[in-house]
Amino acid sequence: MIKKIKENFKIWRKLKDIKNRKEHVWTTLKKYHKESGNNYGTYEKEKYIEICFSIDNNNKVVKKYIHHIDEQNDSLKSIVYISEGFDSDKAKDILILASHFNSLMNKGHVIVNTDKETISMEYRIPLLIPYLYELEIHNQCHDHYNHSRDIVWAFNRLLIFDEDPIFIMVDLMKKIKERVK
Amino acid sequence: MNKKIIDCPRCLGKGRVNKEDIKRLRREYFWIEGPHCAYCDGKKQVNFDFANKVNADEWFLTSDVDQQEIQRFLNGDQEIINSVRQHEDYINYLANYLMENYVSRAINKDTIIERLCVELQSTKSEIKPIVNGLIEQIKINLLDSHK
């Protein structure tokens with residue numbers, strides 16, 4: 001009971017100081033990554049952290065992740081670059097696969113930029129949430145990474161193995177079903 | 001001279017090289033699995049002296065290389081040894097470049113070939129077949145879990 005009162009009091013105090021949420025979340029985000037022990041790059045001016053993770057069991061496919069305090073949109077964003085320059089001939093299939101994901105995902109979305117020929121997957125939450133509940137930073141980074149593994153796997157099958165988006169989605173569903181069993 | 005016979009250290013006595021052998025010897029950029037082990041000539045065993053002299057992961061020793069050239073290499077011909085080592089460095093460089101740009105950053109093949117042509121001061125017709133071959137090898141040996 002006392003613990004809960006203390007927690008509520010802490011949140012109430014934070015709400016009084018809501019103007020400082022950007023700085024507070026940024027400091028907490030840096031602290032979280034420092035404590036994780038991984039190698040990462042910090043960009044103070046732009047307020048983002050860049051980190052690379054392997055997404056396969058062989059540690060051969062490495063993707064760049066960005067955790068960013070988006071001041072304009074007042075949100076904490078997690079972005080993974082799936083492709084940094086895809087083949088324009090595959091644009092149609094890429095858009096089909098991205099739309100499949102976007103209609104199925106309840107968190108995050110796949111963004112295809114046909115001008116720059118890039119594909120990314122983004123999670124975004126209002127800054128207020130990690131400001132009030134610091135654990136949300138861990139949850140976002142963790143969930144985003146886990147989610148990205150399936151999406152990268154699917155896009156690799158399209159970009160590297162030239163497979164049809166429909167078959168990729170069917171196989172992905174099977175893969176997820178087996179994992180849940 | 002030691003007459004001792006041992007199980008082939010490359011294929012581990014199978015007489016053929018499989019994907020596991022390629023991964024164990026870290027030759028994913030150089031070999032694909034095949035029905036005949038060039039190290040033991042499919043005999044499953046080799047002389048201990050030979051195994052002592054030639055490393056099991058010697059990439060050049062494969063079934064599709066001319067026998068005369070292999071003999072020159074085994075006899076220690078400096079010219080061919082230098083050329084083999086240079087080629088090994090070249091393939092490693094290209095394969096690592098592809099792993100970083102084609103696989104991890106997912107940049108399209110044509111852009112990569114153009115960048116490599118500039119970087120290596122080479123022509124498209126020279127680079128393209130090597131890049132295509134390496135991509136196939138990477139797909140088979142390293143990205144099998146993505147299939």
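The dialogue below goes through several features of a predicted model and how to read them.

Colleague: What should I know about numbering and confidence before I start?

Modeller: Residues are numbered from 1 along each chain as its sequence is written, while chains are lettered from A and ligands numbered from 1 in the order in which they are written. This is a predicted model, in which local features need pLDDT of at least 70, side-chain atom pairs count only at pLDDT 80 or more, and totals for chains, interfaces and linings use all residues.

Colleague: How many helices and strands does chain B have?

Modeller: Helices (H or I, at least four residues) and strands (E, at least two) are DSSP runs, numbered from the N terminus. Chain B has 6 helices and 2 strands, and from the N terminus on its elements run β-α-β-α-α-α-α-α. Along the principal axes, the C-alpha atoms of chain B fill a box of roughly 55 × 40 × 20 Å.

Colleague: Which residues of H3(A) are buried?

Modeller: A residue is buried if 20 or more other C-beta atoms lie within 10 Å of its own, exposed if 12 or fewer, and partly exposed in between, with C-beta atoms placed from the backbone. In H3(A), the buried ones are Ile94(A), Leu97(A), Ala98(A) and Phe101(A). Seen down the helix axis, the buried residues of H3(A) fall within an arc of 100° and so line one face; the arc is that of the directions from the helix axis to the C-beta atoms. Lys92(A) and Ser103(A), on the other side of H3(A), are exposed.

Colleague: What covers the buried residues of H3(A)?

Modeller: Two residues are in contact if their C-beta atoms, placed from the backbone, lie within 7 Å. The cover includes strands S5 (109-113) and S6 (118-126) and helices H5 (135-159) and H6 (165-180) of chain A.

Colleague: At what angle do the axes of H4(B) and H6(B) cross?

Modeller: Two packed helices are described by the angle between their axes and the distance between the axes. Axes are lines fitted to C-alpha atoms, for helices over the stretch in contact, and angles run from 0 to 180 degrees between N-to-C directions. The axes of H4 (residues 78-104) and H6 (residues 124-141) of chain B come within 10 Å and cross at roughly 70°. That makes H4(B) roughly perpendicular to H6(B); angles of 65 to 115 degrees count as such, under 35 as roughly parallel, over 145 as roughly antiparallel and the rest as oblique. Residues making the contact include Leu98(B) of H4(B) and Leu134(B) of H6(B).

Colleague: How many residues does each chain give to the contact between chains?

Modeller: Chain A gives 19 residues and chain B gives 14 residues. On the side of chain A, strand S3 (62-70), strand S4 (75-83) and H5 each supply at least two residues, and the largest share, 4 residues, comes from H5(A).
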